[in-house]
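This briefing covers one protein chain, topic by topic. Please keep the sequence and the model at hand while reading.

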Amino acid sequence: MTAVRLDLHCHSRHSDGTDTAAEVARKAAAAGVALFCLTDHDTDGGTSEAMAVLEGRSVLRGAELSCSHAGRTVHLLLLGIGEGEGRATLDAAMAQLRDGRRTRIHDICERFLRWNIRLDAKAILAAAGDAAPGRPHIARALVQAGVCSSVKEAFDRFLKDGGPADVKSPRIEVAEGVALGRAAGARVALAHPHTVGHPHVVGEMCKRLKPSGLEGLEAVYGPYAARVRADWTAFADDLGLVVTAGSDYHGAAVTPEISGPGMDLDETRAGRLRDWLGV
């Protein structure tokens, strides 16, 4: 069956990626991506750059929204954010999340004092600029300081979820996140569902929120092996959710296992996805 090349989940310097939005878009174009959405954490600031590069292709305005459910982090992909009052409300909510992320950088840096490792939070935030800052920014600072040899080591030793230096990021309750996305005109999908917990937990959450607009599930996810993708695809089908596909590309220094943007989705599923997204 013919495959369609697309990517509805990747990151740039507007959050915790290493490439500019234009660079990510150029890599997507080189990979033959026909449908693209830049989904930086809690911001859609890089979309205009990506659109300028990918003129003539289907490009959506999007973001990855930081949410929570039953004490667990949930990331929602907002695909096709529109204009108007709903977008203004979403922008205000994401601005608050970005402010909380900056506070989190200071809190994480303080944790490193336990090991007599001094990191300059102000310098890390200055390097991040207007981007939504995250743990990869701290990981790169650890590499520059010679504490770790790679971003991966920094996460494995200190920064991974539940790690000794991890501090929970600010989040919106998932039901509110779905409502914000839908009010802004976006279609809403659950990113990397394995991070939410056991499939039973994921299923109960999706069933509860599907009537409100959580209609997609990222079953074809860059780091997933083929069997895992098949399992989550069957899971989505059972719940009547649209299968989405995304690499979660952040750049070679952050996600070396993901060489660049671009995922393959079979033509039938890609057609259903396009119909759902209205592109």
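**The largest pocket and helix α5**

Two or more lining residues of the largest pocket come from each of β3 (58–69), β4 (72–79), α3 (85–111), α5 and α6. The model is a predicted one. Helix α5 also packs against α6, with their axes coming within 9 Å, and eight of the 10 residues of α5 are buried.

**Largest pocket**

- The largest pocket holds about 1000 Å³ of space.
- Its lining is made up of 34 residues, and Arg135, Phe155, Asp161, Tyr221 and Asp248 lie nearest the centre of the pocket.
- Which element gives the most to the lining of the largest pocket? Helix α6 does, with four residues.
- Sorted by class, the lining has 14 charged, 12 polar and eight nonpolar residues.

**Packing of α5 and α6**

- Helix α5 spans residues 135–144 and helix α6 spans residues 151–159; their axes cross at roughly 110°. That angle makes α5 roughly perpendicular to α6, because angles of 65 to 115 degrees count as such.
- On the α5 side, the residues that meet α6 are Arg135, Pro136, Ile138, Ala139, Arg140, Leu142 and Val143. On the α6 side, the residues in this contact are Val151, Ala154, Phe155, Phe158 and Leu159.
- The contact of α5 with α6 has 10 nonpolar residues, two charged residues and no polar residues.
- Arg135 of α5 and Phe155 of α6 meet across this contact as members of the two groups, and both are among the residues that lie nearest the centre of the largest pocket.

**Burial of α5**

- Is α5 largely enclosed or open, and why? Helix α5 is largely enclosed by the rest of the structure, because eight of its 10 residues are buried.
- The buried residues in α5 are Arg135, Pro136, His137, Ile138, Ala139, Arg140, Ala141 and Leu142.
- The cover over these buried residues includes α3, α4 and α6.
- Just after α5, Gly146 has a positive phi of about 80°.

**Ala121 in α4**

- Ala121 belongs to helix α4, which covers residues 121–128.
- With a relative accessible area of 7%, Ala121 is buried, because the cut-off for burial is under 20%.
- Ala121 and His106 are 15 residues apart along the chain, and their C-alpha atoms are separated by 5.4 Å.
- Apart from neighbours within four places in sequence, Ala121 is in contact with Ile105, His106 and Cys109.

**Ala21 in α1**

- Ala21 is part of helix α1, residues 21–30.
- Ala21 is buried, at a relative accessible area of 1%.
- Setting aside neighbours within four places in sequence, the contacts of Ala21 are Ser12, His14, Leu38, Gly46, Glu49 and Ala50.
- Between the C-alpha atoms of Ala21 and Ala121 there are 24 Å, and the two residues are 100 places apart along the chain.

**Thr244 in β8**

- Strand β8 runs over residues 242–246 and contains Thr244.
- Thr244 is buried, and its relative accessible area is 0%.
- Not counting residues up to four places away in sequence, Thr244 touches Leu8, Ala189, Leu217, Glu218, Ala219, Val220, Leu273 and Trp276.

Conventions. Residues are numbered from 1 along each chain as its sequence is written. This is a predicted model: local features need pLDDT of at least 70, side-chain atom pairs count only at pLDDT 80 or more; totals for chains, interfaces and linings use all residues. Side-chain values use heavy atoms; hydrogens and water are left out. Axes are lines fitted to C-alpha atoms, for helices over the stretch in contact, and angles run from 0 to 180 degrees between N-to-C directions. Angles under 35 degrees count as roughly parallel, over 145 as roughly antiparallel, 65 to 115 as roughly perpendicular and the rest as oblique. Contact means heavy atoms within 4.5 Å. Ala, Val, Leu, Ile, Met, Phe, Trp, Tyr, Cys and Pro count as nonpolar, Asp, Glu, Lys and Arg as charged, and the others, Gly among them, as polar. Buried means under 20% relative accessible area, exposed over 50%, partly exposed in between (1.4 Å probe, protein chains only). On a 1 Å grid over the protein atoms alone, a cavity is a set of points where a 1.4 Å probe fits but cannot get out, and a pocket is an open set with protein on both sides within 12 Å along at least five of seven lines; lining residues have an atom within 4 Å of a point. Grid points are joined across faces, edges and corners, and a volume is the space filled by probe spheres set on the points.
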